[in-house]
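User: Hi, could you walk me through this one? I'm new to reading structures.
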Amino acid sequence: YCKALNVGCDFCHVKLPPKNGSQEEELDFAADMQMKENARDMIRMMMDINQKYFHYDKKVEPVYLNAISCNTCHRGNPFPLKE
């Protein structure tokens, strides 16, 4: 997700304040925030499109599979590009 959207983990995961004088911030991966909910909706949409419109054959080399991914619409941007 980070590569397709060109974002860090904290784009979807809640940052926690540093502990014990550490300078490193931790992430609360279990906590939900709006971006994480949006991502879940988009992942469901992507899976639905792939299942409904693209045939998946495990015998075909992965490089030749026709399917969409996050990068199909985002192309390295945090929000899908409109054309």
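Predicted model: local features only at pLDDT ≥ 70, side-chain atom pairs only at ≥ 80, totals over all residues.
User: Where does N6 lie?

Analyst: N6 sits in the loop between α1 (2-5) and β1 (14-16). Helices (H or I, at least four residues) and strands (E, at least two) are DSSP runs, numbered from the N terminus. Residues are numbered from 1 along each chain as its sequence is written, and side-chain values use heavy atoms, with hydrogens and water left out.

User: Is N6 buried or exposed?

Analyst: N6 counts as exposed because its relative accessibility is 59%. The cut-offs are these: buried is under 20% relative accessible area, exposed is over 50%, and partly exposed is in between (1.4 Å probe, protein chains only).

User: What is the phi of N6?

Analyst: Phi of N6 is near 55°, which is positive, and N6 is not a glycine. Most residues other than glycine have a negative phi. R75 also has a positive phi, about 45°, and is not a glycine either. R75 lies in the segment after α3. At 40% relative accessibility, R75 is partly exposed.

User: OK, zoom out. How many helices and strands are there?

Analyst: The chain has 3 helices and 2 strands. Along the sequence the pattern reads α-β-β-α-α.

User: How much of the chain is buried?

Analyst: Of its 83 residues, 12% count as buried.

User: And what share of contacts join residues at least 24 apart?

Analyst: Take contacts between residues at least 6 apart in sequence: 34% of them join residues at least 24 apart. Contact means heavy atoms within 4.5 Å.

User: Now α2. What span should it have, and how far apart are its ends?

Analyst: Helix α2 covers residues 34-53, which is 20 residues. At 1.5 Å a residue, α2 should span 28 Å, and its end C-alpha atoms are 28 Å apart, so the two agree. The expected span is 1.5 Å times one less than the number of residues.

User: Which residues of α2 are buried?

Analyst: They are K36, M46 and N50. Seen down the axis of α2, these buried residues fall within an arc of 80°, so they line one face of the helix. That arc is taken from the directions from the helix axis to the C-beta atoms.

User: What's on the face turned away from the buried side?

Analyst: That face of α2 carries the exposed residues Q34, K52 and Y53.

User: What covers the buried residues of α2?

Analyst: The cover includes α3 (70-74).

User: Which residues is N50 in contact with?

Analyst: Leaving aside neighbours within four places in sequence, N50 is in contact with A67 and I68. N50 has a relative accessible area of 16%, so it is buried.

User: New topic. How many salt bridges are there?

Analyst: A search of the whole structure finds 6. A salt bridge is a side-chain nitrogen of Lys or Arg within 4 Å of a carboxyl oxygen of Asp or Glu.

User: Which residues are linked in a network of them?

Analyst: D32, K36, E37 and R40 are linked that way. K36 meets D32 at 3.5 Å, N to O. R40 also bridges to D32, with the closest N and O atoms 3.1 Å apart.

User: What about R44 and D41?

Analyst: Their side chains form a salt bridge at 2.9 Å, N to O. R44 and D41 are 3 residues apart in α2, so about one helical turn separates them. An α-helix has 3.6 residues a turn, so residues three or four places apart point the same way. D41 is partly exposed, at 45% relative accessibility.

User: Last thing. How much space lies in the largest pocket?

Analyst: About 580 Å³. Of the 28 residues lining the largest pocket, the closest to its centre are Y1, L5, A39, M42 and H74. A pocket here is an open set of points on a 1 Å grid over the protein atoms alone, where a 1.4 Å probe fits, with protein on both sides within 12 Å along at least five of seven lines; lining residues have an atom within 4 Å of a point. The volume is the space filled by probe spheres set on the points, and grid points are joined across faces, edges and corners.

User: Which element gives the most to the lining?

Analyst: α2 does, with 10 residues.
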